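I opened a new notebook page for this structure. I wanted to look things up one at a time and write down what I found.

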Amino acid sequence: MNFNNELKNEISNFISDDNQIMLIYTDNIMAVSRYIRQQPTNVHMIFASECDLLNKNQLSMPSNTKICIIHRPEKLDIVFDDLKNVLSKKIKIILVSSSRKFVYRFRKYFNIILRDYDYDFSEYFQYKTLNLLKQLYLYILTDGRDMYLTLFDTNKNLNKYIKDNIYAETGILHDKPIRDISSCFNTPANYIAVMYALANECRNSGNISKFLGMKQTTVSKYLSQLQSYGFIEYVTSLDAPEKSKSGKYKIISPYHHFWFRFMYEDMYTYGNIEKLNFNLNSNLRAYLIENHLIVYMKHIIDKRFQSQNISYKEWWNDDNHIDIVGVCSEKKTLYIGQYYSKQVHWDEYNELVSLSGKIKGYEKWKKVYIIFSSAGFDDELKAVSDANKHIILHSVSFNEPLTNTVIPLIIETRKKLK
């Protein structure tokens, strides 16, 4: 799997800065380590089987080692301060773990951000038999992970993947969100309820408090814990302070978000297949576009400007909203991405230009507009785009039915499994 720019920037910054320890949480340990080994520096890897030797200070490494990667550091008995003494203060240490509990334990002491970096959409375009909506659906149902995508690669049949891995009670993803949360909290019920509220468009503690009938102070505590474990993140508008009260909480995992939105109540809690069928058929298309089209938009922008390091944020102000803003500090350029379900005219473009002018702190930056539409563009805007490199028009197609080709079969399969 190709890693996103966020991971590349994190690793590059770590290699060049004064920090000595980096902690990465990922289910894709080997792929992350392979990427780090490609960096132009001397890297040595320590596997879980060697951790006992490291604990006893009996592990030798090449004298020119600059970076030491430790796989599954939860096998270590020593703490970070001892680890620095064992290896050498001249060696940078990257710990790559798939254990939330381990990472959380050390995050408290070192203020290390827990983040999973495996999400990437580029791999999904190899499946030419799937239209864009189905590619987005597959992205969600594999959680954007290489390890789950390989299960789909076995026969490249989306219905069979869903049947075997999600709807079957023995499937690896069947109740994975519940297992993930239960592995971190001794009393997971309230944390699960908060995730359910977040998946149903509650974005702050006040909304969640009303949705669940909980005290807001209690909700805030649960949100803090879920954020610490990497289940959710607090995002702010591009030009707002990091701790701005206008920010919102979001579920990080695309599969967690989908599962708590559609599967948790209807399938997992009540086993109501008919209601699940109705909700999927009625709402899935709009859900995919509203919540996950943004990963496709990032992919298109990255592909178009692949030589640049671009980080992404949303921007909003009162009732105004820009879907995605790519920030390239090197070139002092903002890449403004906006999706329209209607035909886009010159007026919509001017409105977008006006909106982007309200982004504080970037008034003098160059702006490139990448406009996405599922209904096309008028001739005037096409002519302007052809003559201007800073206006890029990108058509997306959602014409092929999603519900008629995917959902009825998986619902019928689920009935047979019960």
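My entries follow, from the whole chain down to single residues.

**Ground rules**

I am working with a predicted model, where local features need pLDDT of at least 70, side-chain atom pairs count only at pLDDT 80 or more, and totals for chains, interfaces and linings use all residues. Residues are numbered from 1 along each chain as its sequence is written, and side-chain values use heavy atoms, with hydrogens and water left out.

**Whole chain**

I looked up the secondary structure first. The protein chain has 17 helices and 11 strands. Helices (H or I, at least four residues) and strands (E, at least two) are DSSP runs, numbered from the N terminus.

Next I checked burial. Of the 418 residues in the protein chain, 53% are buried. Buried means under 20% relative accessible area and exposed means over 50%, with partly exposed in between (1.4 Å probe, protein chains only).

Then I turned to contacts, meaning heavy atoms within 4.5 Å. Among contacts in the protein chain with a separation of 6 or more, 64% are between residues 24 or more positions apart.

Two strands pair if DSSP finds at least two bridges between them.

I went through the pairs next. Strand 1 and strand 4 (residues 92–97) run parallel and are joined by 5 bridges. Met22 stands opposite Ile94 in strand 4. Strand 3 and strand 4 also run parallel, with 5 bridges between them. Here Ile67 has Lys92 of strand 4 as its bridge partner. Strand 2 and strand 3 are parallel too, joined by 4 bridges. His44 has Cys68 in strand 3 as its bridge partner.

How many residues of strand 3 are buried? I found 5 of the 5, so strand 3 is largely enclosed by the rest of the structure. Ile67, Ile69 and His71 point one way, while Cys68 and Ile70 point the other way.

**Helix 10**

I moved on to helix 10 (residues 189–199), which is mostly covered: 9 of its 11 residues are buried. Tyr191, Val194 and Leu198 are among them. What covers these buried residues? I found that the cover includes helix 9, helix 11 (205–212), helix 12 (216–228), strand 5 (232–235), strand 6 (248–251) and helix 13 (254–269). Glu201 follows helix 10 and has a positive phi, near 75°.

**The second largest pocket**

I looked up the volume of the second largest pocket and got about 200 Å³. On a 1 Å grid over the protein atoms alone, a pocket is an open set of points where a 1.4 Å probe fits, with protein on both sides within 12 Å along at least five of seven lines; lining residues have an atom within 4 Å of a point. Grid points are joined across faces, edges and corners, and a volume is the space filled by probe spheres set on the points.

The lining of this pocket has 18 residues, with Tyr25, Asp27, Ser98, Lys176 and Asp180 nearest the centre. Helix 5 (100–110) and helix 9 (176–182) are the elements that give two or more residues to the lining. Helix 9 gives the largest share, 3 residues.

**Single residues**

Asp143 lies in the loop between helix 6 (132–141) and helix 7 (146–153). Its phi is positive, near 60°. Buried or exposed? Asp143 is buried, because its relative accessible area is 1%.

Asp318 sits in the loop between strand 7 (311–317) and strand 8 (320–328). Asp318 has a positive phi of about 55° although it is not a glycine. At 73% relative accessibility, Asp318 counts as exposed.

Ser385 is in helix 16 (residues 379–387). Ser385 counts as buried, at 13% relative accessibility. Not counting residues up to four places away in sequence, Ser385 touches Ile391, Ile392 and Leu393.
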